[in-house]
Amino acid sequence: MVLLGFLVCIAIAIVRLKDLFAVVMLSGIYGLLSASFFVTLDAVDVAFTEAAVGAGIATLLMLVTVTMTGRYEHSAHHNSIWALAVVLVTGVLLIYGTLDMPYFGSVDAPAQLHVAPRYINNSMQEIGVPNIVTSVLASYRGYDTLGEVVVIFTAGVGVLALLSAVHRPEKDDGIVSVNVSMHEKYLILRVVTKILIPFILLFALYVQFHGDYGPGGGFQAGVIFAAAIILYSMLFGMSTARRVISQPLIQLLSAIGVLVYGSVGVVSILNGGNFLDYNLLSDDPVAGQHLGILLVELGIGCTVTSVMVIIFFNFAGRTEDHMRNERKSA
Amino acid sequence: MLIAATLAILVVMALAIVRGVMGPTLYDRILAVNMFGTKTVLLISLLGFVMGRPEFLDIAIVYALINFVSVVAVLHYSEYSEFKSRPGEIEQSRKDS
Amino acid sequence: MFLGLYNYWIVVVLMMIGFYIIIAHGNLVKKIVGLNIFQTSVFIFYISVSNIDGGTAPILAEGFNQYSNPLPHVLILTAIVVGIATTALGLALAMRIKEAYGSIEEEEIQQRVNREC
Amino acid sequence: MDSVIEFSSALCLLIGSFLCLSGGVGILRFPDFYTRMHAVGVTDTLGAAMILIGLMLLRPENLVLFKLIMILLMTLFINPTASHALARAALHSGLLPLLHRKDKNIGAES
């Protein structure tokens, strides 16, 4: 309840501020806040994802963009009175609409009465996985999730198409010296990061494979994995990171993830069931479900990791090019 | 006791938000974000115990990690963008030195 | 009444703040931030709907028999990840626009386009 | 024995909350960035550690205990590092501590 009040404060501050760097930072706080709100509402999986994505990756990408596009917003409020009017009218209408809503937390609200009880009561026998969110995500609604994975893959392809630099930029002395000085400056940071990164990767694997029993799964693990790689590439330079993780490999991986997901579906067709019907992957239906969920989550994790890394590499590479050009022309 | 600690953390979060919104320099904001992140980690851990299901500490670990990543990112990129920032806060103090 | 609908009202307020940013601000990055706020408000709405009094997180365990609704959680979980993908795409577009037009303010871009025509 | 552990856990939580609160007051009331940094950096680490130790003393099951220890280690690693990097970056970017600016006429902090 208090958290929601904080959220509104932050949102208003975001409207008022002109410094985009500050806006991005506040949106990071906003992400953290909404994630902790999700924890209080028992949505642990969602909180997990929001923490890694909303507070981590989204803030990061915005930071990179702001670095390139300039820090300050011009104060051009051309039609703000009209905008305010439209917003107020819509808001009042929506609030009027909420008056018909069932109260928060009521047990007999229509949303709680239909498919949810079936998922809650039967998933243990049918799927054998304690985390209902995982079983719904990967099995009951596996078709949807396949769609989402394809959307993410498409976004990765789109970013590649928009931002991938065709030419390999030549080494510039200026940027190299800046990098070197920065690395010396952050010596402690680098050492600590070097210690931390294996733990982050290990933790990502834990999240990936523990997703059946606790909060976690492919989406979250993928984002954490990507965060580790991004951390590495920020502190040790893009060129070092590119040497560790080659661009073609990661592009291949993002496609492989989707393929793994799809082929699980095809295999279950070949075994005589429906698309993504995991019961037939093994002799025992529950074991089949386990295997199917494991493979599907693996595919998701693969795609999410590689798409996030692709996005970050291209953003950062583009920004570095831009900075270099600007410095040259200056 | 748990609830008292939770309330204390909430108050601190509010204070950090105030600093983050006011913060005259960029670094104040980064500081506020960092502090806010730590407080969120604590809040999540405490909430797990308050609600009686403390298995979900993974989320707190993720917060700690992500917090670190974002602080590093902000530092890294503020360095880049520094030379194109307007004559404002930082240049101000530089001139004065 | 007030407490029962409080969450939904906050959702509406947040949504409208996001909406206002999208309409009234000319800066493309800020518009994307606004879009994010809008998005998050929808997430909060779904999660509020899924919550049940006395329920606990939908991970089966001994000693609990009231779980909150897992379906909205699944929808929102995927929506968050798809949201970041679309945000990334939008930011990539903003970067390209900056490269092509030298600005990410709507009006300046418009002027530039008019001049070139 | 039980009551001793319970009491010490409550005490740890209390100390932790107090430290966090004082850090919060510090970040709001101190006059310039470096003093705020000091307030936050010191109290954050110790306060977080205290609260986490207090939670550990509640004797959760093994996995939870392990995770708490992980969080504790991480905060002990990450917090000072982040503070250090932050202060250093601020100093490099030319933001001067208040003491060095005192003799010039500055009202930069508003």
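**Chain B.** I read the elements of chain B from the N terminus on and got α-α-α-α. The tally for chain B is 4 helices and 0 strands. I am working on a predicted model throughout. Next I looked up burial: 65% of the 97 residues in chain B are buried. Then I checked contacts in chain B with a separation of 6 or more. Of these, 51% join residues 24 or more positions apart.

**Which chains touch.** I went through the chain pairs. There are 5 pairs of chains that touch, and chains A and C have the most contacts among them. I also looked up chain C against chain D. No contact joins these two chains. Their closest C-alpha atoms lie 14 Å apart.

**Chain C on chain A.** How many residues of chain C are in contact with chain A? I found 69 residues of chain C in contact with 81 residues of chain A. On the chain C side, at least two residues each come from α1 (2-24), α2 (28-50) and α3 (70-101). Helix α3(C) gives the largest share of that side, 23 residues. I sorted the chain C side by class. It has 46 nonpolar, 17 polar and 6 charged residues.

**Chain D on chain B.** I took this interface next. Chain D puts 48 residues into the contact, and chain B puts in 45 residues. On the side of chain D that touches chain B, α1 (2-29), α2, α3 (62-92) and α4 (98-101) each supply at least two residues. Which helix of chain D supplies the largest share of that side? I noted α3(D), with 14 residues. By class, the chain D side has 32 nonpolar, 10 polar and 6 charged residues.

**A residue in chain D.** I picked His38(D). It sits in helix α2 of chain D, residues 33-56. Is His38(D) buried, exposed or partly exposed? I counted 15 C-beta neighbours inside 10 Å. A residue needs 20 or more to be buried, and 12 or fewer to be exposed. His38(D), with 15, therefore counts as partly exposed.

**Domains of chain A.** I found chain A divided into domain 1 (1-74) and domain 2 (131-330). The C-alpha centres of the two domains lie 22 Å apart. Their contact takes 14 residues from domain 1 and 16 residues from domain 2. I classed the domain 1 side of this contact: 9 nonpolar, 4 polar and 1 charged residues.

**A helix pair in chain A.** For packed helices, I want the angle between the axes and the distance between the axes. I looked up helix α7 (residues 132-140) and helix α14 (residues 285-329) of chain A. They pack at an angle of about 85°, with their axes 10 Å apart. Why are α7(A) and α14(A) called roughly perpendicular? The range for that term is 65 to 115 degrees. The angle of about 85° falls in this range, so α7(A) and α14(A) are roughly perpendicular to each other. From α7(A), the contact uses Thr134(A), Ala138(A) and Ser139(A). From α14(A), I listed Gln289(A), Gly292(A), Ile293(A), Val296(A) and Glu297(A). By class, this helix contact has 3 nonpolar, 4 polar and 1 charged residues.

Technical notes
Residues numbered from 1 in each chain as written. Chains lettered and ligands numbered in written order. Predicted model: local features only at pLDDT ≥ 70, side-chain atom pairs only at ≥ 80, totals over all residues. Contact = placed C-beta atoms within 7 Å. Nonpolar A, V, L, I, M, F, W, Y, C, P; charged D, E, K, R; others polar. Domains from an automatic or database assignment. Axes fitted to C-alpha atoms, helices over the stretch in contact; angles between N-to-C directions. Parallel < 35°, antiparallel > 145°, perpendicular 65-115°, else oblique.
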